[in-house]
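Please read these points with the sequence and the model open beside you.

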Amino acid sequence: MRSFEQALLAPVHELIEERLAGAGASPRARLDLLEAVVAHECGWDLAAFRAAFAAERSLSVEVALAGGRLVRDLIALTPMPLPLALAALAHPVLDRSEQRRAGAYYTDFRLASLLARDAAPHLIPGSKVLDPASGSGMLLGALVMAATDSVAAASELISNSICAADMSTESLRATRITLAATMPGNADLAPLLKLESRLLSGDSLLRPAYEWERISPGGFGLVIANPPWEKVKVSRHETLVERGVVRHYGADYVFVDDELRMAVNAERRRIASYLEEVSLSATRQGLGDADLYKLFLDLAIRVSAPRGQLALLVPAGLIRSQGTKALREFLVEHADSLEITVHDNRARYFAIDTRFKFLSLNATVTGSRPTTPIRLSYGRGTPSGIDRVDGVEIERDDLRRLRPDLTIPEVRRESGWNLFSRISKRGTPLAGGTWRFEYMREVDMTNDRGSFVANTVPNTMPVLEGRMVHQFRSQAKAYQHGTGRASLWQPLAIGSSYTMAQFHISASDVSDRATPRIERVRAGFCDITGQTNERTLLAAVIPPGVVCGNKVPTLMLEHPGFTETEAVMLWVAIANSVPIDWIARRLVTTSINRFHLAALPFPVTDPSDPRSAALIAAAQEITDAELVGGVMPSAVASIRATIDSIVADLFGLSVDEFAQIFEDFPLLDRGQPRLPGEARSTITRDLALHTHALRTGAPTDGWERRLRAAEELGAVAYVPAEHAGLVREAGMPAQRDLIQSSIFARIAPTAASIGV
């Protein structure tokens with residue numbers, strides 16, 4: 001998969017490769033050619049430029065100039081400004097392993113322009129500007145363009161203010177090229193000669209504080225950066241791939257020889273030593289694995305001047321991860337004009353998953369406690385730039401009250417923030433409230449792999465994996481064949497499930513800590529998820545006699561007034577509800593861990609409240625339906641709509657507020673027939689809102705008509721898309737006269753007592 005920028009510049013890349021064919025298309029020769037492009041743009045004598053800036057070169061002046069003119073003319077046919085196109089063309093070509101190891105997700109020209117545009121008004125005259133991980137100078141080039149309106153002004157900024165640091169001398173050479181291109185028609189090399197002493201080669205994280213102070217006494221007026229996005233740890237998978245082993249992620253690890261094992265261990269020792277050194281000055285790293293972007297943000301804070309500006313691109317974990325709490329605390333308590341823009345990758349800024357989320361961060365470092373609200377907005381990429389859409393201002397005191405961990409929820413408008421606030425105030429965090437839970441990853445799918453056996457071995461237990469768990473279901477899929485990401489799993493219809501796991505394990509191979517719980521009922525959930533998935537929080541009752549892999553963390557639960565099993569059923573019912581899912585989608589990206597779970601606001605539940613009894617009974621019935629043949633999906637759907645309505649009621653939500661929540665679930669009901677003239681089915685929303693209207697005394701006519709029409713078409717609510725075909729094949733009719741259903745009949749007395 002190519003990024004948008006790569007596709008845009010593909011003809012230019014092809015031309016460069018053609019012109020460099022005789023020179024082996026080396027990175028050095030590519031930079032020779034790009035220098036010649038700027039020589040044409042600025043009117044340099046290329047030979048004199050080469051004499052001023054010594055470097056090993058592969059192309060003669062004549063060959064470089066001839067190719068440079070063609071490249072310049074071809075770039076002019078693209079919508080990219082020349083300096084930013086040159087920065088993009090100068091990126092080293094990395095294979096996937098090299099990119100992951102370096103965390104090098106090169107800055108798209110649209111992101112660079114947005115960050116520069118936001119930072120430019122805050123430039124302090126005469127202060128220094130630093131990019132501590134400059135790469136080929138994309139951000140600095142964009143900043144010069146945004147902050148200046150003439151060649152003279154650009155020359156002044158480059159001469160006296162710009163500073164760039166990178167571990168690669170080739171990258172610094174590319175930065176010089178990018179900055180030079182912002183001064184078209186200026187044949188004077190003086191600005192670049194003055195810049196030279198501020199092109200710093202080496203690891204910025206290891207550079208002593210006194211060197212930064214020498215370069216910019218009193219700190220930098222602006223730190224602008226797209227730092228590496230990668231955890232600082234050794235990946236066995238990447239190590240194997242780098243050594244030529246052909247494997248897919250998740251396959252069994254088989255060390256080829258002792259040399260490989262020694263290499264991995266040596267790399268781990270090197271990284272431990274490196275982290276020990278950088279941690280001497282990085283004081284805001286928090287818990288969890290070390291991450292390069294956290295280290296660079298910490299550095300940016302340390303080297304900033306009073307009232308200095310921060311402008312960085314960072315992963316979305318900054319606003320929602322446990323390990324970034326210390327950095328969030330600094331920003332909330334010491335960063336004025338704090339603006340956070342949330343981006344996803346649908347505009348193909350990077351050649352990775354389009355669902356990936358990241359942030360552009362702008363803030364002013366201040367010693368006083370800021371009172372201005374936090375501005376949260378959203379970026380939407382276009383072919384030529386980025387538009388900001390939606391936005392909300394969050395008062396810092398409100399955030400402190402609602403989110404003690406200072407995680408910032410992704411709400412798009414004031415109405416969303418108000419709804420999030422209301423739910424949070426009506427609920428209590430799962431940790432620290434009436435609930436008590438013991439969280440565990442029972443077996444590790446990597447570290448315990450040596451104890452796994454085939455399902456034919458007697459006296460062993462199945463190992464439940466994340467893909468087997470869905471809402472209310474611990475057996476939603478059956479293993480067929482294959483390993484890792486290449487394995488094949490078969491979706492199973494509710495009422496016809498069976499446990500077919502990929503791995504089994506003997507009870508004697510389970511840890512002493514996990515052993516007592518594997519014969520008890522507990523709750524489990526799939527921790528790999530997505531806030532834009534069909535549903536985000538997928539929880540199920542885990543029966544005795546199975547053990548869960550690390551992607552299905554389990555909870556032993558206690559709640560005053562409820563038995564252990566009742567507490568599990570109550571938690572699973574609430575966790576799978578649409579209101580809780582909506583809250584979760586505000587706070588997670590691609591996984592749910594203990595930290596996220598503990599901070600979720602759960603509604604207050606009491607044993608004397610009939611709504612609690614109804615939730616427990618409903619969860620029990622759906623769990624039992626897993627193995628009961630002939631269960632109608634429509635019966636399960638109505639029970640689930642009742643659960644959703646009860647949870648909405650516990651949070652005090654009106655039908656209109658509940659409808660607002662459903663706007664965030666556009667992927668529901670894929671595979672269900674849609675009403676005439678409508679783009680998609682909304683049977684789940686309509687059933688849930690109809691049920692809530694009945695329970696709260698609101699008008700039901702509109703929802704009733706939609707439901708009848710959808711049911712006549714055969715639509716069934718609450719059916720995951722990958723199971724929709726199973727419902728159609730079974731030919732199960734959609735019925736809402738559920739008193740005839742044995743399942744609903746058993747909870748009818750409890751349901752009737754609360755107006756269901």
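1. Two strands are said to pair if DSSP finds at least two bridges between them. Helices (H or I, at least four residues) and strands (E, at least two) are DSSP runs, numbered from the N terminus. The model is predicted, so local features need pLDDT of at least 70 and side-chain atom pairs count only at pLDDT 80 or more, while totals for chains, interfaces and linings use all residues. Residues are numbered from 1 along each chain as its sequence is written, and side-chain values use heavy atoms, with hydrogens and water left out.

2. Strand S12 (residues 461-464) is joined to S15 by two bridges, in the antiparallel sense. One of the residues involved is Met 461, whose bridge partner in S15 is Ile 505. These strands belong to an open sheet of three, in the order S15-S12-S18, with mixed pairing. Strand S15 (504-505) and strand S18 (547-548) are the edges; each has a single partner strand, so one side of each lacks a neighbour in the sheet.

3. Strand S16 (residues 522-525) has two antiparallel partners to look at. With strand S17 (residues 539-542) there are four bridges, and Phe 525 has Ala 539 as its bridge partner there. With strand S19 (residues 554-558) there are two bridges, and Gly 524 stands opposite Thr 554.

4. In a regular strand the side chains alternate between the two faces of the sheet. Are the faces of S16 covered or open? Both are covered: Arg 522 and Gly 524 on one side, and Ala 523 and Phe 525 on the other, are all buried. Buried means under 20% relative accessible area, exposed over 50%, and partly exposed in between (1.4 Å probe, protein chains only).

5. How many disulfides does the structure hold? It holds zero; a disulfide is a pair of cysteine sulfur atoms within 2.5 Å. The sulfur of Cys 548 is 11 Å from the closest cysteine sulfur, in Cys 526, which is too far for a bond. Cys 548 is buried, with a relative accessible area of 0%, and Cys 163 is buried at 0% too.

6. A pocket is an open set of points on a 1 Å grid over the protein atoms alone, with protein on both sides within 12 Å along at least five of seven lines; lining residues have an atom within 4 Å of a point. The second largest pocket is lined by 27 residues, with Arg 346, Lys 357, Arg 412, Arg 586 and Asp 664 nearest its centre.

How values were computed. 1 Å grid on protein atoms, 1.4 Å probe; cavity = no way out; pocket = protein on both sides within 12 Å on 5 of 7 lines; lining within 4 Å.
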